[in-house]
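Visitor: Could you walk me through this one? I am new to it and would like to start with the charged side chains.

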Amino acid sequence: MKNQLRTVALLGLLSGLLIAISYWVIGGLGGVVIGITLAAVTNLVSWYQSDKIALAAYRAQPVSFNQAPDLHRMVQRLCDRANLLMPGIYIVPSPAANAFATGRDPEHAAVAVTEGILQTLPEDELEGVIAHELTHIANRDTLTQAVAATLGGAIAMLAQIVSYSLWFPASRDGNRGANPLGLLLTIFLAPMAATIIQLAISRTREFGADAGAARITQNPRALARALQRLESTARQLPINANPAFEPLLIVNSISSQFLGNLFSSHPPTQARVQQLLKLEQELPQSPSKFSFGR
């Protein structure tokens with residue numbers, strides 16, 4: 001419940017930023033109305049089309065049981081253990097090793113893995129990764145992250161439009177009602193705020209998904225090994241896609257030293273590994289069925 005309230009507050013702040021920027025750019029009641037409309041449209045689009053948008057961003061292709069029987073069996077086995085519906089299975093045509101889940105709820109969900117991760121990870125580590133993604137689906141994290149990414153992208157786009165307007169200003173009458181200070185804040189602060197909010201949503205969810213995967217597989221050490229392996233390979237071969245969907249991936253795909261971990265869409269891998277090894281000591285010795293319920 002605490003995480004859900006935090007998510008609602010963060011998404012509300014993103015929508016508020018979008019409305020405020022529209023007001024600063026356009027001015028007056030018209031700017032507020034346009035901002036509310038943009039916030040509503042982006043929320044609705046990301047709610048109902050988030051799976052299609054994310055899958056298209058990574059060029060993921062659906063695979064049938066006949067095309068990938070081992071992968072289908074693994075996902076079905078983990079879904080049965082967690083009492084979840086079978087999601088759509090997709091493969092991303094990329095040598096990079098990564099994975100993500102998307103969809104607005106467990107009834108409209110998909111799990112996508114890259115060709116690279118299928119070749120890189122042994123079976124027990126791949127199970128941990130898929131269980132992590134299934135936990136995101138069960139907790140509806142994928143919807144939250146998709147909405148945040150869409151709204152954050154809209155804020156960044158508006159900020160870019162504002163920056164162009166300063167280089168190519170409209171007539172004096174056309175700019176009536178705009179706030180110069182607001183324009184500067186929009187250019188410099190709004191994109192940073194939107195990014196930090198997106199990353200805060202992602203970071204709070206990753207530890208929960210790791211813990212859920214540990215309970216489903218009863219093998220947190222395998223996921224810990226997978227995270228270390230994936231982080232190492234991601235530095236050498238990042239996956240190319242729209243950065244707005246970076247929070248969906250199980251590990252960061254963009255290597256950057258700028259401001260350290262502040263602008264990382266995931267918690268540090270070492271912190272995740274330590275948490276998983278701690279969970280290993282708390283889990284019962286004999287496997288038991290773990291269920292999210294539905």
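Visitor: Is E125 buried or exposed?
Guide: E125 has a relative accessible area of 2%, so it is buried, where buried means under 20% relative accessible area, exposed over 50% and partly exposed in between, with a 1.4 Å probe and protein chains only. This is a predicted model in which local features need pLDDT of at least 70 and side-chain atom pairs count only at pLDDT 80 or more, while totals for chains, interfaces and linings use all residues. Residues are numbered from 1 along each chain as its sequence is written, and side-chain values use heavy atoms, with hydrogens and water left out.

Visitor: Which side chain does E125 meet in a salt bridge?
Guide: E125 meets R229, at 2.7 Å from N to O, a salt bridge being a side-chain nitrogen of Lys or Arg within 4 Å of a carboxyl oxygen of Asp or Glu. The pair links distant parts of the chain, with E125 in helix α5 and R229 in helix α9, 104 residues apart; helices (H or I, at least four residues) and strands (E, at least two) are DSSP runs, numbered from the N terminus. R229 is partly exposed, with a relative accessible area of 34%.

Visitor: And which residues are linked with E125 in a network of salt bridges?
Guide: The network links E125 with D124, R225 and R229. Within it, R225 and D124 form a salt bridge of 2.6 Å, N to O. R225 lies in helix α9 (residues 220-236) and D124 in helix α5, so this pair ties together parts that are 101 residues apart in sequence.

Visitor: What does L126 touch?
Guide: Leaving aside residues up to four places away in sequence, L126 touches M74, I117, L118 and L121, where contact means heavy atoms within 4.5 Å. L126 lies in helix α5 (residues 123-138), and its relative accessibility of 7% means that L126 counts as buried.
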